[in-house]
Amino acid sequence: MRKTILDCDTVTLDEENGALVIVDQTQLPNRIEMLSLTNIEDIWEAIYLLKVRGAPAIGVSAAIGVYLAMKDIQTEDMGLFMKRFKKAKEYLATSRPTAVNLFWALDRMEAVAYKHGEGSVEEVKEALHQEAVRIREEDIEVCRRIGEHALSLVQPQAGLLTHCNAGKLAAVKYGTATAPMYLGQEKGYGFHIYVDETRPLLQGARLTAFELQSAGMDVTLICDNMVGAVMKKGLIDAVFVGCDRVAANGDTANKIGTSVVAAVAHYYGIPVYVCAPTSTIDMALSCGAEIPIEERSGDEITEMWYEKRMAPQGVKVYNPCFDVTDHELITGIVTEYGVVQEPYEESFQKIFQKAIL
Ligand SMILES: CSC[C@@H](O)[C@@H](O)C(=O)COP(=O)(O)O
C-alpha cells in the first residue's frame, strides 16, 4: 500500500545510523520525502528552513540533534566534553527564536549531562541518549492528554477552526490543536474542520489540510481573510490553535494571524482554546510583549510559491513569523494537566505544582 503522511514519523531517532530522521515539510503536500540528518549543521538548517517545524517537533529535533553531536566525541576529559556540549547546545539554540520548546529541550539535555557529570563520558552520552528518547516519547502522551481535555470542550458534530499547523507534523503524534480532532475521530465524532491557509508559508494549506484529509476527516480549506465570513455564517463553534510560547499572564505567541482569528472569534462570541504542553509555558516572561518574535525574509511574501514575483520589485516588506494573542481573547489554555483559565499566572503555578507531584 502507498505510504501516507500518517504512516511517517515526523521526527525520530535512527539508532542504527545515528541520524535524525524527519519528513521534509517544505516538500509537502506534493512529495513525501524523508531526510536522514547526521551532522549538527544539517539539523540546524532543517530547523531554520522549516523542514522540521512546530514547537514540539523543534524541541524533539534539538534534543536528538545535541545527542547526535556528542555521541561520537572521543575523549575521557569531562571538562572538554562539557565544553563541546555547551557549544553544540548554543549553536542549535540559534536556529529559531520563538518556540520555547527548543530551549526547554536543550536545557533538559544539559541538566541530564550535569547530573551524570561525576561519572564517565560514556555514561553521560548514554544519559543524553535516554533523555532525547524520553523527550520524544513524552510528547506523544502529553499531546494525547491535551486532546482528551480539549475534546471535553466541544460537541461531537462541532465546526472547528484551526490556524497554521499544530498537528501531527508539528509534534510526534496527535499534534496539540489537532489532538481533539484525532481523538474525536477515534470516537466516531463528525467534526467539520476549517483550516486557514496561513500565509505566507501556507502551513495550514500544505500541512494541516493534508494531514487531516489523509486521516479521512471532513476538512475545508479557507484563505486567512475568510475567517470572519465563516464565523458570521455560524460554521465555527470553537477555535483550537497551538502556540510557540505562552507568557506567565497567558499572552500567547503563535503563527502570524492567530491574534486576528482570536479577535474575530471574540467579536462573534466563539471560544478560542490554545493547546499548550507545559513545555511551551515560559514563566520567566511576564507578558507577551517580552516574547521574542522571529522575523523572516521578505522573499517568503514576495517570491515564494508562484512562478512569478508576487509584488513590485523593491517594495518594503515586513514579515513577522508569529504574533501575540492577548490573554483576554483566550477562553482557555489546554495543557496536559487540564484546561487553565484566568488568572493565568496563578493557574499555571498550580499545574506546575501538579507536574512536580
Ligand atoms: C504544536 S505546534 C504550535 C506552533 O508551533 C504552530 O502553531 C506554529 O505556529 C508553527 O510555526 P512554524 O513557523 O511553522 O514553526
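Which residue stands opposite Thr252 in E9? That's Val246, and the pairing around it leads towards the UniProt-listed Asp244. Heads-up: this is a predicted model, where local features need pLDDT of at least 70, side-chain atom pairs count only at pLDDT 80 or more, and totals for chains, interfaces and linings use all residues. Residues are numbered from 1 along each chain as its sequence is written.

**Domains**
- You've got domain 1 (5-140) and domain 2 (144-356), with bounds that come from an automatic or database domain assignment.
- Their C-alpha centres sit 25 Å apart.
- The contact takes 25 residues from domain 1 and 30 residues from domain 2, where residues are in contact if their C-beta atoms, placed from the backbone, lie within 7 Å.
- On the domain 1 side, helices H2 (55-71), H4 (100-115) and H5 (121-151) each give two or more residues, and H2 gives the most, with five residues.
- Helices (H or I, at least four residues) and strands (E, at least two) are DSSP runs, numbered from the N terminus.
- That domain 1 side splits into 15 nonpolar, six polar and four charged residues; Ala, Val, Leu, Ile, Met, Phe, Trp, Tyr, Cys and Pro count as nonpolar, Asp, Glu, Lys and Arg as charged, and the others, Gly among them, as polar.

**Asp244**
- UniProt lists Asp244 under "active site" in an unreviewed entry; such annotations may be inferred rather than shown by experiment, and positions are given in the numbering used here, with feature names shortened.
- Asp244 is in the loop between strand E7 (238-241) and strand E8 (245-247).
- Asp244 counts as buried because it has 31 C-beta neighbours inside 10 Å (buried is 20 or more other C-beta atoms within 10 Å of its own, exposed is 12 or fewer, partly exposed is in between, with C-beta atoms placed from the backbone).
- Leaving out residues up to four places away in sequence, the contacts of Asp244 include Ala55, Thr98, Asn254 and Phe322.

**Strands**
- E8 and E9 (residues 252-255) run antiparallel, joined by two bridges; strands pair if DSSP finds at least two bridges between them.
- Their hairpin has four residues between the strands, and Gly250 there takes a positive phi near 95°.
- E9 also pairs with E12 (residues 322-325), antiparallel over four bridges, and Asn254 stands opposite Asp323 in E12.

**Ligand shell**
- Of the 19 residues around the ligand, Arg53, Ala166, Ala170, Gly242 and Lys255 come nearest (near means a C-beta atom, placed from the backbone, within 6 Å).
- H2 and E9 are the elements that give two or more residues to this shell.
- The shell has ten nonpolar, six polar and three charged residues, and draws at least three from each domain.

Key: Contact = placed C-beta atoms within 7 Å.
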